[in-house]
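Me: I have a model open and want to go through it residue by residue. Can you take my questions as they come?

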Amino acid sequence: MCAELSSSSPRAWQRMLSGRRLNLLAPSPLDVELSDIAHGLARVARWNGQTIGDHAFSVAQHCVLVEKIAQLIKPDLEIQWCMAVLLHDAPEYVIGDMISPFKNVMGGSYREVEERLHHAIHRAFGLPADLPGPIAKLAKRADIISAYLEAIHLAGFSRDEADKIFGRPAKVSEEQLEQLALNVKPLPAKEAQDAFLTRFAELDKARKTAGTR
C-alpha cells in the first residue's frame, strides 16, 4: 500500500473497500484492485443520473457496452485491447464521471489526474500505459457510439439532436444499432458490477489461454 502522508499534508488518497489506499497524486498499480474498480463503476451514474428508469445507467454498464461495440467494429481485435477498451473509463471509480462540458471547464488539472490513474490501472493489468494510436481511436469511436445510443434511449435526446452532437454512427447499420440498444437498459448496481467482473474474467482467461499456446 502507498505510504502514509504526513499529518500536515492535505489528504490525497482514498480508502477503498479492499483496504487499499489509492493516492490520486501518485497512484501505484499495487493499490489498484479489480473489485474496487467494478464496485465503484457500478455505482457511478452516466449523464449525472439524468436518465430514465428506476436505476442509474452506470459507468460499469457503459464500459461493457463500449467493449462490445469495439468488437463489432473490429471483430479481430486482440484480447489485450478488448480489455483496454473495457477499462477505458476505469479511473472514474475514483474521480467519478464528469460530463464532457465540465471536463472542458476543468481543463488540464482534471485530465492530468485522470491520465495518472489510467496509467496505474493499465500497469496493474499488464497493459501499456499509453495505448497505440489506432486502439485509442477505436475506443473513442466506440465510446461515442455508446453515448449516441444512451442519449437517445436514456437521456431524452431526439435522434436529430444526437446526430448533431455525437454524429450519426458510421459503418454501423440500423439493425446493429437496434441490437446494441438492447444493452442500454439500466441495471441495479450489483448486476452491473457482476456484468463488468464477468466480462473482465472472460477476457483475462482468453488472454492467459492465448499466452500458453
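Me: Ala42, buried or exposed?
Reply: Ala42 counts as buried because its relative accessibility is 6%. Buried means under 20% relative accessible area, exposed over 50%, and partly exposed in between, with a 1.4 Å probe and protein chains only. This is a predicted model, in which local features need pLDDT of at least 70, side-chain atom pairs count only at pLDDT 80 or more, and totals for chains, interfaces and linings use all residues. Residues are numbered from 1 along each chain as its sequence is written, and side-chain values use heavy atoms, with hydrogens and water left out.

Me: Where is Ala42, and what does Ala42 touch?
Reply: Ala42 sits in the loop between α1 and α2. Helices (H or I, at least four residues) and strands (E, at least two) are DSSP runs, numbered from the N terminus. Leaving out residues up to four places away in sequence, Ala42 touches Ser58, Ala60, Ala189, Ala192 and Gln193; contact means heavy atoms within 4.5 Å.

Me: How confident is the predictor?
Reply: The protein chain has a mean pLDDT of 91, and 90% of its residues reach 70 or more. pLDDT is the predictor's confidence in each residue, from 0 to 100. Over residues 1-6 pLDDT stays under 50, and the model has 12 contacts beyond four places in sequence for that stretch.

Me: Which residues is Arg20 linked to by salt bridges?
Reply: Arg20 is in a salt-bridge network with Asp31 and Glu33.

Me: How many salt bridges in total?
Reply: The count comes to 10. One of them joins Asp194 and Lys190 at 3.0 Å, N to O. These two are four residues apart in helix α10, so about one helical turn separates them. Asp194 is partly exposed at 32%, and Lys190 is partly exposed at 48%.

Me: What about Lys208?
Reply: Lys208 forms a salt bridge with Asp204, with the closest N and O atoms 3.1 Å apart. Lys208 is exposed at 54% relative accessibility, whereas Asp204 is buried at 18%.

Me: Different topic. How many aromatic pairs are there?
Reply: The structure holds four aromatic pairs. In Phe157 and Phe166 the ring centres are 6.1 Å apart and the planes are at 55 degrees, so this pair is tilted. Rings of Phe, Tyr and Trp (its six-membered ring) pair if their centres lie within 6.5 Å; planes under 30 degrees apart count as stacked, over 60 as edge-to-face and the rest as tilted. Ring pairs link Trp47, Phe157 and Phe166 into a cluster.

Me: Last one, α3. How many of its residues are buried, and what covers them?
Reply: Six of the eight residues of α3 (79-86) are buried, among them Trp81 and Leu86. The cover includes α2 (59-73), α7 (133-153) and α10 (189-211).

Key
Salt bridge = Lys/Arg side-chain N within 4 Å of Asp/Glu carboxyl O.
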